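Work through the exercises below with the model open. Try each task before reading its solution.

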Amino acid sequence: AAKQYNNDVKDMWVRKHFKQERYEKWLLKVFNTQYGAVIDKRAFDIIGSDDTKTIFEAGCGNGGAAACLLLRVLDKRFPSGNIDSSSNSLEYTGVDLNSDRVKVANTFLPIMFSHYDSEVSFNFKTGDLANLDFKDKYFDFSFVPSVLERVDNNNIMNVIEEISRITKKGIFVVDVADKYPMGSPRSHLEQEKLFNQFGFSLKWHKYVKTNTKMKNQCELHAFFERTG
């Protein structure tokens, strides 16, 4: 069984308190900060295929990245906004260390996607990525946005092992490639070596220079496919 990790970043994130924000302000953050940074058509077309039933997000935060992913997925499935039975319904699950942010995700995502409440259900919970309480290969795909670079080298194996264990088909990673304080950025080759140990191979990757209203940084986008 994977061991729990413990480092300064984790402790800081658990203790940090966030004020309850208004829905309008949350939406502005989604489109000004997240949307231009995490959208990747190749990955989301795969994740959003009609037969996908379960998606896991590691480090879900306040639900901004989930909103970006689901906007793409639901638009692909229902381009006119008319709901039909051609696709499986989705179960979207997210885990984050911070309870304040999890509360926001559970409040605002159902509001944003109320039109699709028959097609997507949400379950955001507080938890440790190194010790997940889900069955092996429970999720079709996992989405890991800006998480792995925050885990130090002593603990990264535990986190990748658990995410790999619960994922059946593929894992899409968006990681900051720039070096920041308390960050541990890893190249696609370094990540490939880690995921290879748990039955996943690197399908494709690219480095992206984001330039949104609130972000200007280099990111690694990488898709890992289960091979074993």
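**Exercise 1. Determine whether Gly-63 is buried or exposed, and list what it touches.**

Step 1. Gly-63 has a relative accessible area of 0%. Buried means under 20% relative accessible area, exposed over 50%, and partly exposed in between (1.4 Å probe, protein chains only). Gly-63 is therefore buried.

Step 2. Gly-63 sits in the loop between β1 (54-58) and α4. Helices (H or I, at least four residues) and strands (E, at least two) are DSSP runs, numbered from the N terminus.

Step 3. List the contacts, meaning heavy atoms within 4.5 Å. Leaving out residues up to four places away in sequence, Gly-63 touches Trp-26, Ala-105 and Leu-109.

Step 4. Check a distance across the chain. Gly-63 and Lys-103 are 40 residues apart along the chain, and their C-alpha atoms are separated by 9.4 Å.

A note on the source: this is a predicted model, with residues numbered from 1 along each chain as its sequence is written. Local features need pLDDT of at least 70 and side-chain atom pairs count only at pLDDT 80 or more, while totals for chains, interfaces and linings use all residues; side-chain values use heavy atoms, with hydrogens and water left out.

**Exercise 2. Describe the surroundings of Trp-26.**

Step 1. Trp-26 lies in helix α2. Its relative accessible area is 0%, so Trp-26 is buried.

Step 2. Beyond four places in sequence, Trp-26 touches Gly-63, Gly-64, Ala-67, Val-104 and Phe-108, among others. Asn-62 is also one of its partners.

Step 3. Look at that partner. The backbone oxygen of Asn-62 lies 2.9 Å from a polar atom of the Trp-26 side chain.

**Exercise 3. Which residues of the largest nonpolar core touch the most other members?**

Step 1. A nonpolar core is a set of buried Ala, Val, Leu, Ile, Met, Phe, Trp, Tyr and Cys residues joined through side-chain atoms within 4.5 Å. The largest has 34 residues, and Leu-69, Tyr-92 and Phe-172 touch the most other members.

Step 2. Trace the suppliers. Elements giving at least two residues each include α2 (23-38), α5 (99-112) and β5 (167-176). Helix α4 supplies the largest share, eight residues.

Step 3. Beyond four places in sequence, Leu-69 touches Phe-44, Ile-47, Ile-55, Tyr-92 and Phe-143. A second, separate core of 26 residues includes Phe-134, Val-147, Leu-148 and Leu-202.

**Exercise 4. Summarise the chain and its confidence.**

Step 1. The protein chain has seven helices and seven strands. Of its 228 residues, 52% count as buried.

Step 2. pLDDT is the predictor's confidence in each residue, from 0 to 100. Its mean is 86, and 87% of residues reach 70 or more. Over residues 1-6, pLDDT stays under 50.

Methods. A polar contact is a pair of N or O atoms within 3.5 Å; within protein, one must be able to donate a hydrogen and the other to accept it, and residues adjacent in sequence count only if both atoms are side-chain atoms.
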